[in-house]
Amino acid sequence: MSWDIAAKENLPTLYDAAYLAVAEITAKDSRETCEFWTADERLVNTLGERKKYVKLLGT
């Protein structure tokens with residue numbers, strides 16, 4: 001799943017995609033939103049509105 005996310009979102013690092021995959025799998029298993037908080041403003045801006053569960057720390 002991480003590779004798919006990295007390719008689809010054009011992410012330069014696989015570890016960002018791995019964290020996103022964990023959040024998506026957790027949300028699917030629990031049937032609840034699993035927010036992913038990060039200080040990586042570039043990642044948040046790259047994902048834009050496509051991944052609304054990704055939040056910027058400090059906002």
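**Close-up views of a predicted model**

View 1. Trp3, Asp4, Ala7 and Lys8 are exposed on one side of α1, where exposed means over 50% relative accessible area, buried under 20% and partly exposed in between, with a 1.4 Å probe and protein chains only. This is a predicted model, with residues numbered from 1 along each chain as its sequence is written, and local features need pLDDT of at least 70. Side-chain atom pairs count only at pLDDT 80 or more, while totals for chains, interfaces and linings use all residues, and side-chain values use heavy atoms, leaving out hydrogens and water. Now look for the buried residues of α1: they are Ser2, Ile5, Ala6 and Glu9. Seen down the helix axis, these buried residues fall within an arc of 100°, so they line one face of α1; the arc is that of the directions from the axis to the C-beta atoms. An α-helix has 3.6 residues a turn, so residues three or four places apart point the same way. The cover over the buried residues of α1 includes α2 and α3. Helices (H or I, at least four residues) and strands (E, at least two) are DSSP runs, numbered from the N terminus.

**View 2. Helix α2 from end to end.** Follow α2 along residues 14–30: its 17 residues reach 24 Å from the first C-alpha to the last. That is close to the 24 Å expected at 1.5 Å a residue, a span worked out as 1.5 Å times one less than the number of residues. Which residues of α2 are buried? They are Asp16, Ala17, Leu20, Ala21, Ala23 and Ala27. These cover an arc of only 165° around the axis, which puts them on the same side of α2. Turn to the other side of α2 and you will find Tyr15, Val22 and Asp29 exposed. Among the elements that cover the buried residues of α2 are α1 (2–9), β1 (36–38), α3 (41–47) and β2 (54–56).

**View 3. Where α1 meets α2.** The axes of these two helices come within 8 Å and cross at roughly 115°. Each axis is a line fitted to C-alpha atoms over the stretch in contact, with angles from 0 to 180 degrees between N-to-C directions. From α1, Ser2, Trp3, Ile5 and Ala6 meet Leu14, Ala17, Ala18, Leu20, Ala21 and Glu24 of α2; contact means heavy atoms within 4.5 Å. The residues of this contact divide into eight nonpolar, one polar and one charged.

View 4. Most residues other than glycine have a negative phi. Here are two to compare with that rule. Just after α1, Asn10 takes a positive phi of about 55°, although Asn10 is not a glycine. Asn10 lies in the loop between α1 and α2, and its relative accessibility of 64% makes it exposed. Further along, Arg31 follows α2 and sits in the loop between α2 and β1. The phi of Arg31 is also positive, near 60°. With 78% relative accessibility, Arg31 counts as exposed.

View 5. Start at Glu41, in helix α3. Is Glu41 buried, exposed or partly exposed? Its relative accessible area is 49%, so Glu41 is partly exposed.

Key:
Nonpolar A, V, L, I, M, F, W, Y, C, P; charged D, E, K, R; others polar.
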